[in-house]
There are 4 protein chains.
Amino acid sequence: MAAPEQSALIYIDVINDFQFNQGKKLLDQTYRILPSMMNLKQYAHAHEIPIIYINDHYASWRADLQQIYQHCLNKGNKKLLEAIRPDEGDYFLIKPKHSGFYQSSLQSLLYELGVKRLILSGIAGNICVLFTANDAYMREYELWVPENATASNDPNDNQYALTMMENVLKADVSPI
Amino acid sequence: MAAPEQSALIYIDVINDFQFNQGKKLLDQTYRILPSMMNLKQYAHAHEIPIIYINDHYASWRADLQQIYQHCLNKGNKKLLEAIRPDEGDYFLIKPKHSGFYQSSLQSLLYELGVKRLILSGIAGNICVLFTANDAYMREYELWVPENATASNDPNDNQYALTMMENVLKADVSPI
Amino acid sequence: MAAPEQSALIYIDVINDFQFNQGKKLLDQTYRILPSMMNLKQYAHAHEIPIIYINDHYASWRADLQQIYQHCLNKGNKKLLEAIRPDEGDYFLIKPKHSGFYQSSLQSLLYELGVKRLILSGIAGNICVLFTANDAYMREYELWVPENATASNDPNDNQYALTMMENVLKADVSPI
Amino acid sequence: MAAPEQSALIYIDVINDFQFNQGKKLLDQTYRILPSMMNLKQYAHAHEIPIIYINDHYASWRADLQQIYQHCLNKGNKKLLEAIRPDEGDYFLIKPKHSGFYQSSLQSLLYELGVKRLILSGIAGNICVLFTANDAYMREYELWVPENATASNDPNDNQYALTMMENVLKADVSPI
């Protein structure tokens, strides 16, 4: 297994407005994993692992972190976004579709950083996290997807996605 | 030929710090084409053509227009950047390498907009513009690369790149 | 919905040696769907829909249909391979990984053919078919994945993959 | 610089029918570089460097080496094709467009082989070789493009392409 220093922590779609069908459900589930997401950030800092946000652009097609953040911020998600927002020095990339690798700069960044192992966290576990994990597996990255650091609208769907990542993609899904 | 409304104006690396070998030369050449670049913007507005900036991220790997703009701004390029900066409603994407298509979201945006024809403008004509034009040609976009709206360090290299785009890529290189 | 003539029938990994863990199980499941796969071929011929094979290359990295076919052929799969092999005029492409779109020429071919809707059939339903369906969805193809024309080692996994394709990817999974 | 054993020899479009505008000119130029191309093959064998053909499919969209070879073979190119054809154990991939990397499996193969440095040879020097070199440079491969092992319709265009590869792409262009 690659050494921890060759890892990167990938936060998927955590800067999120939750303004969609069942968005409130997903917001609730995301608050439940917020402590684990924060633990991952500490883990990353302790091991000097780079942190990469790969995020929807909310139909703006603008690589503009501040605009995206302001667009997403609302009363319901304020505590979440303030806790999880990128710090100076964290990387932040946009993606137009579900997978973090599709039509984004993610793979170039991982190559430059020499990353061999991805730690995936974020939402939704059975959609964007799973699509990103699939693409990571085809690109031969090792995967750690802590089971307590992804959330989906429905916990059963989240569990099934984790099972697929473990069985098909050989992901480690042990919790943080 | 596709109707003008299926076109997009692509500005390549125009938010630029010019802090590299021969950067002063390229800055001078870029000021020479600034009037043509501004004419293209008017042309785009008149024909309701979307304007897309595809730009270096200056080693930040952050989709953060304001940070990139502030990083680039300096005494030498101030007039240029203030004139050519993206307006609200313009698209702005980052690219990690020379071609605007490589590891960026450009093609997804063009697909969503229904674009069939690209108008390329920017710098450097014999590097990032040419690489972008090559990739556009392989993706079967029609090309208009106005000869007075690209600049390179050396005008001869710029001219040769235009000749290649005309001969190999079937680009229209007539001036704006 | 796109007209049938803008569809393509995609056979995924059907030229297969089944020489892997649980390969015998998958072979048995594949014989069960062979009648439906053949019905799809008739459907394609009746509607003048192009047929595209996208297939593993069995570590050869050679775009060499005859070599791949001979490599795969064995006593157990002989009837299957003889029934399902590409006819003259069918397309045949190789893929190095699970998704038919990843590092293959598939999207270029679909673009040239003007295809908007994919009919997916083949194996394994919960791996290569699902990965291909995910990538097709991100590229905005409509999907028909007849539930009786994909097979997986385990019928439960096959069913779950179909459910995901229906719910997340908006695929039509009605049988042929 | 990467050790020779991390190199790969890439033959670009050498299985060629030359049935296009100025094809006879290119065929003549290609016969002129045939001795150098054969020297490269010896060099590859001596250093245990893998040999990869990346080739047009002549509108067949079939990964079918034998069909492509038979399609291309004619009286004019017979000696060339018989000399340069892939041996057993050589890799052979198809590409739909000019660059060997675009919509092909080339990068996956290079990754699996652990290749860091490409030796490019083939035709046409100012089109498919140059496009492939551009894409290789963006993917951070070192390049050796022996000046006596590429050919273009017009020797001046070939020379200019070599100059671009040397100046922009940092390619070594010293002859074999």
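Student: What pattern does chain A follow when it is read along the sequence?

Tutor: In this predicted model, chain A runs β-α-β-α-α-β-α-β-α-β-β-α along the sequence. Altogether, chain A has 6 helices and 6 strands.

Student: Let's turn to chains C and D. How many residues of each are in contact?

Tutor: Contact here asks for heavy atoms within 4.5 Å. By that test, 25 residues of chain C touch 25 residues of chain D.

Student: What is the area buried between chain C and chain D?

Tutor: The size of an interface is often given as the accessible area lost when the parts come together. Between chain C and chain D that area is about 2200 Å², with carbon and sulfur atoms giving 46% of it. On the chain C side, W61(C), R62(C) and Q103(C) supply 34% of what chain C buries against chain D, more than any other three residues.

Student: Which elements of chain C each supply at least two residues of the side that touches chain D?

Tutor: They are α2 (65–72), β3 (91–94) and α4 (106–113) of chain C. The most comes from α4(C), with 5 residues. By type, the residues on this side of chain C divide into 11 nonpolar, 8 polar and 6 charged.

Student: How many salt bridges are there between chain C and chain D?

Tutor: A salt bridge needs a side-chain nitrogen of Lys or Arg within 4 Å of a carboxyl oxygen of Asp or Glu. The count between chain C and chain D is 0. Polar contacts are another matter: 20 residue pairs between chain C and chain D make one, with both residues at pLDDT 80 or more.

Student: Why do we say that the copies meet through the same surface?

Tutor: Because 100% of the interface residues of chain C are also interface residues in chain D.

Student: And which rotation superposes chain B on chain A?

Tutor: Here the rotation is 180°, with 0.0 Å of shift along its axis and an RMSD of 0.0 Å. The same surface serves both of these copies, as 100% of the contact residues of chain B recur in chain A.

Key
Residues are numbered from 1 along each chain as its sequence is written. Chains are lettered from A and ligands numbered from 1 in the order in which they are written. This is a predicted model: local features need pLDDT of at least 70, side-chain atom pairs count only at pLDDT 80 or more; totals for chains, interfaces and linings use all residues. Side-chain values use heavy atoms; hydrogens and water are left out. Buried area is the accessible area (1.4 Å probe) that two parts lose on being put together, summed over both. A polar contact is a pair of N or O atoms within 3.5 Å; within protein, one must be able to donate a hydrogen and the other to accept it, and residues adjacent in sequence count only if both atoms are side-chain atoms. Helices (H or I, at least four residues) and strands (E, at least two) are DSSP runs, numbered from the N terminus. Ala, Val, Leu, Ile, Met, Phe, Trp, Tyr, Cys and Pro count as nonpolar, Asp, Glu, Lys and Arg as charged, and the others, Gly among them, as polar. Copies are superposed by least squares on the C-alpha atoms of residues with pLDDT of at least 70 in both.
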